[in-house]
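Here is a short report on one protein chain. Keep the sequence and the model open while you read.

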Amino acid sequence: QSANAGAANQAAAKALEQMENAQANTAGEIQRFYNLNSLAKMALDAGEIEKARAYASALLEQSAQPRGGWDYGEAVYRGNLVLGRIALRQGQLEAAKNYLLASAKTTGSPALGSFGPNMSLAHELLAQGEQKTVLEFFKLCANFWKDEKLAAWTQQVNQGFMPDFGANLSN
């Protein structure tokens, strides 16, 4: 398994390198902003924590600019998700919980409304016994994602089970 993990990390590092090269050659400000979404996640997947933090922070900073556009809600979600996962990896449980809740305080986006949010941080927090925070997160997500999965997951967490988040762990 460690050989697979090593190969996955190498693949993630290569993907990050290619995306950073693409970003360096991207002229449009809006497209550069949209690229930050991918860069933050790719850097985290590659284990490049400081790069992930920088990209996620830039994403949140730029999402606060009044520009409009369909992807700003996604930026708020993704930036907080990445920062929360970093905080949890660094043992900052309260910060991770706050980032999870902040991630759901978004206007949403077409992708979030259709496919739902990435549940990796919620999953990681549930594994640490943080049911209350995750249940609050589910309630906030209902503002932009109308899916019966939220009710099912809420019921499972209330019964002490870990939901099977399926594709929502990787989107």
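## The cavity

The largest cavity holds about 60 Å³ of space. This is a predicted model. One cavity of 30 Å³ or more is present in the structure. Rolling a probe the size of a water molecule over the atoms shows where empty space is left.

Which residues line the largest cavity? They are Lys 41, Leu 44, Asp 45, Arg 78, Leu 81, Val 82, Arg 85, Asn 118 and Ser 120. Helix H2 (29–45) and H4 each provide at least two residues of that lining. H4 supplies the largest share, four residues.

## Ser 120, a lining residue

Ser 120 is one of the residues lining the largest cavity. It sits in helix H7. Is Ser 120 buried or exposed? Its relative accessibility is 8%, so Ser 120 counts as buried. The cut-off for buried is under 20%.

The Ser 120 side chain makes a polar contact with the side chain of Asn 118, at 2.5 Å. Asn 118 also lines the largest cavity. Setting aside residues up to four places away in sequence, Ser 120 touches Leu 81, Arg 85, Asn 168 and Leu 169. Leu 81 and Arg 85 are in the cavity lining too.

## Helix H7

After H7 comes Gly 129. The phi of Gly 129 is positive, near 85 degrees.

H9 covers residues 148–158. Leu 150, Trp 153 and Val 157 are buried in H9. Viewed down the axis of H9, the buried residues fall within an arc of 70 degrees, so they line one face of the helix. An α-helix has 3.6 residues a turn, so residues three or four places apart point the same way. On the other side of H9, Glu 148, Ala 151 and Asn 158 are exposed.

What covers the buried residues of H9? The cover includes helix H7 (120–127) and helix H8 (131–141). At the start of H9, a side-chain oxygen of Asp 147 comes to within 2.7 Å of the backbone nitrogen of Lys 149. Gly 160 follows H9. Its phi is positive, near 90 degrees.

## The nonpolar cores

In soluble globular proteins, nonpolar side chains tend to be buried together. Here, the largest nonpolar core has 26 residues. Which of them touch the most other members? Met 119, Phe 137 and Phe 138 do. Helix H4 (72–89), helix H5 (93–103), H7, H8 and H9 are the elements that give two or more residues to this core. H8 gives the most, with six residues.

Phe 138 links several parts of the sequence. Beyond its neighbours within four places, Phe 138 is in contact with Met 119, Leu 150, Trp 153, Thr 154, Val 157 and Phe 165. Among these, Leu 150, Trp 153 and Val 157 are the buried residues of H9.

Gln 23 lies in helix H1, residues 2–24. At a relative accessible area of 9%, Gln 23 is buried. Leaving out neighbours within four places in sequence, Gln 23 contacts Arg 32, Asn 35, Leu 36 and Leu 39.

Gln 10 is also found in helix H1. Its relative accessibility is 59%, so Gln 10 counts as exposed. From Gln 10 to Gly 129, the C-alpha atoms are 32 Å apart in space. Along the sequence, these two residues are 119 residues apart.

## The loop between H4 and H5

Gly 91 is in the loop between H4 and H5. Is Gly 91 buried or exposed? Its relative accessible area is 63%, so Gly 91 is exposed. The C-alpha atoms of Gly 91 and Ala 58 are separated by 23 Å. The two residues are 33 residues apart along the chain.

Note on methods
Residues numbered from 1 in each chain as written. Predicted model: local features only at pLDDT ≥ 70, side-chain atom pairs only at ≥ 80, totals over all residues. Heavy atoms only, no water. Buried < 20%, exposed > 50% of the residue type's maximum accessible area, 1.4 Å probe, protein only. Arc of directions from axis to C-beta. Contact = heavy atoms within 4.5 Å. Polar contact = N/O pair within 3.5 Å; in protein donor to acceptor, adjacent residues only side chain to side chain. Core = buried A, V, L, I, M, F, W, Y, C linked by side-chain atoms within 4.5 Å. 1 Å grid on protein atoms, 1.4 Å probe; cavity = no way out; pocket = protein on both sides within 12 Å on 5 of 7 lines; lining within 4 Å. Points joined across faces, edges and corners; volume = space filled by probe spheres on them.
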